[in-house]
Amino acid sequence: MSARDPLFPTSDSLDDWFPREMPDLESPLAIAGRRLGVVVGGSLSKGLDVKLDRETVIEDLAVGRYVVVRGQHKRFFCMITDIVLDATNPAIRSDPPDLSDPFLREIYTGTAAFGTLHVAPMLTIDVDEGEPKPVKTIPSHFMPVEIATAEDVNDVFGHEDETHFNVGAPLELEETQVNLDLRRLVERSVGVFGKSGTGKSFLTRILLAGIIRNDIAVNLIFDMHNDYGWEVVDERGPRAKGLKQLFSSRVAIFTLDEESSRRRNAKYDQVVTIGYDEIQPEDLAMLKTTLDLSDSMIDAAYELHKLWKEQWIERLIDASAEVMDMLREELSASPASVQALQRRVQRFERFGFLRPRALDDSARQILAFIEQRKSVVLEFGRYGGALEAYILVANYLTRRIHSMYVEKVERALGDESMEPPQLLITIEEAHKFLDPAIARQTIFGTIAREMRKFNVTLLIVDQRPSGIDEEVMSQVGTRVTALLDNERDIVAVLTGISGAGGLREVLARLDTRQQAIILGHAVPMPVVVKTRSYDADFYQSLHAGPGTPAANGGNGEAAPQPRPSEDRSSRRIR
């Protein structure tokens, strides 16, 4: 007789259907692909209702886990969005039975009292075709529901290759992995969100490491807290390597604070200085909230720039009482506004990287590295704690580099060999740049709306996505979100996402560390992952290409990957 399935016997023997000993439901066989229950109702828009079998232990289930509904002709991939206790007789709620008697427990459990799942269908795979497709129908009544197996997950997310990068494993399926489509990730802007302490920096570092290793795009990272370039002390104790240490020949560190870099033994490539003569009034307008600038002060800045040209900030800082009196007749702005503006810009004198004249053209130096396909990490050192310094530098350099990129892309029309590489710009505290009041006027809002028109996209890192302009959020193609507990932030992240109602419960119940939900352009369907650990095993995996042995003799330099072919089909559902 052929081997039988202890959970689904096919013989006519009563001993098979009603064994004297129940199978061990904790064995790998019982967990992987084990039947949970059957579909008893639901709709395409609101999800499916699943009645659990009496053998299913409801405590072993969790929101965010994948299940598969085996339909007659399709596999339906679904995510658990809610778990409910139910009963056939409402009177049980007010007069619960005494379950100290094992016999009564067996009678009630799974019959009069039972568990129900709400699951959201994410995609389907036809039995004959084998390719994931969008969900346009639902399974019929009483179709079996099972825990997704590693094979099911691999059918959806594929395997790691030149354009797909492993970022973690689905919940309770650590033997498999979720592979992001990196090319689709950088095609549109990316968001990494989560409350403070949820590991956003480590999440971002994992994404950037994959992009650099597979040579998908070049990165410009405005490193506010020195988290990305050189090693940083992990909250758990050990030191975590920076991108420069992982990719020494493909990452350059620029620093605004040479003293800080030397103190940390960070091997920097260039020191950045910015001249007062390079700052425009629109750069100052970005600091409206941070420096508490009024509209009349900003108007005065434009008038001073028109009067004194490039020397307007230097002369305003040094302006004597006699000069300020002279400005009463030269400017239409009120003297009080001009004096208040002077006090604000005099704060720039405490930033050592700001000088009357810059030592070099830092924007052109950065662009030269980018054109060589070298990613640039700009460390702020001790100035990272001054939000006005971060906003000023990031806005100034991005505005200059974006202008140069637009010029190069337009020159390259008709000649792809002259086109600059795809550029991904990483900014932290993104809501300060993309606030609804200023997003339409800032260079970052322009980049987000242009998508990849000029080969430039954003990677925005923020703990308050509700503070980002709605139009900009609608252009964020992939959202990698750790735990959020503010309702407004959760709504902002899920805006425009299909099935957002069910995902809200999943997002609010993530663990505080090493869990995230990934939505959007780079994955076939929303997925909750336990992210990879940023440790020695991760560093070693970067030394070799997908499926190949370690390269370069293990010298700490990740092996360069072949440039991916542009005609490779993506597994992303379109």
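Trainee: Does Asn265 count as buried or exposed, and why?

Mentor: The label follows from relative accessibility, and exposed means over 50%. Asn265 has 60% relative accessibility, so this residue counts as exposed. Keep in mind that the model is predicted.

Trainee: Where in the chain is Asn265?

Mentor: Asn265 sits in the loop that runs between α9 (258-263) and β15 (270-271).

Trainee: What should I look for in the phi of Asn265?

Mentor: Start with the general idea: most residues other than glycine have a negative phi. Asn265 is not a glycine, yet its phi is positive, near 60°.

Trainee: Which loop holds Arg373, and what is its phi?

Mentor: Arg373 belongs to the loop between α15 (362-371) and β18 (375-379). Its phi is positive too, about 65°, although Arg373 is not a glycine.

Trainee: Is Arg373 buried, partly exposed or exposed, and why?

Mentor: Buried means under 20% and exposed means over 50%, with partly exposed in between. Arg373 is at 22% relative accessibility, so it counts as partly exposed.

Trainee: How do I read a nonpolar core, and which residues have the most contacts inside the largest one?

Mentor: In soluble globular proteins, nonpolar side chains tend to be buried together. Here the largest nonpolar core has 170 residues, and Phe222, Leu341 and Phe348 have the most contacts inside it. Helix α16 (residues 387-411) gives this core its largest share, 12 residues.

Trainee: Where does this core lie relative to domain 1 and domain 2, and why?

Mentor: Both domain 1 (28-148) and domain 2 (275-354) contribute residues to the core, so the core lies between them.

Trainee: Which residues does Phe222 touch?

Mentor: Leaving aside residues up to four places away in sequence, Phe222 touches a list that includes Leu378, Phe380, Tyr390, Val393, Leu397, Ile425 and Ile427. Thr398, Thr426 and Glu428 are also among them.

Trainee: What can I say about the chain as a whole: how many helices and strands, and what share of residues is buried?

Mentor: There are 21 helices and 23 strands. Of the 574 residues in the chain, 54% are buried. The accessible surface comes to about 26,200 Å², and carbon and sulfur atoms account for 48% of that surface. Among contacts with a separation of 6 or more, 70% join residues 24 or more positions apart.

Note on methods: Residues are numbered from 1 along each chain as its sequence is written. This is a predicted model: local features need pLDDT of at least 70, side-chain atom pairs count only at pLDDT 80 or more; totals for chains, interfaces and linings use all residues. Side-chain values use heavy atoms; hydrogens and water are left out. A nonpolar core is a set of buried Ala, Val, Leu, Ile, Met, Phe, Trp, Tyr and Cys residues joined through side-chain atoms within 4.5 Å. Buried means under 20% relative accessible area, exposed over 50%, partly exposed in between (1.4 Å probe, protein chains only). Helices (H or I, at least four residues) and strands (E, at least two) are DSSP runs, numbered from the N terminus. Domain bounds come from an automatic or database domain assignment. Contact means heavy atoms within 4.5 Å. Accessible areas come from the Shrake-Rupley method with a 1.4 Å probe; for residues, only the protein chains shown count as cover.
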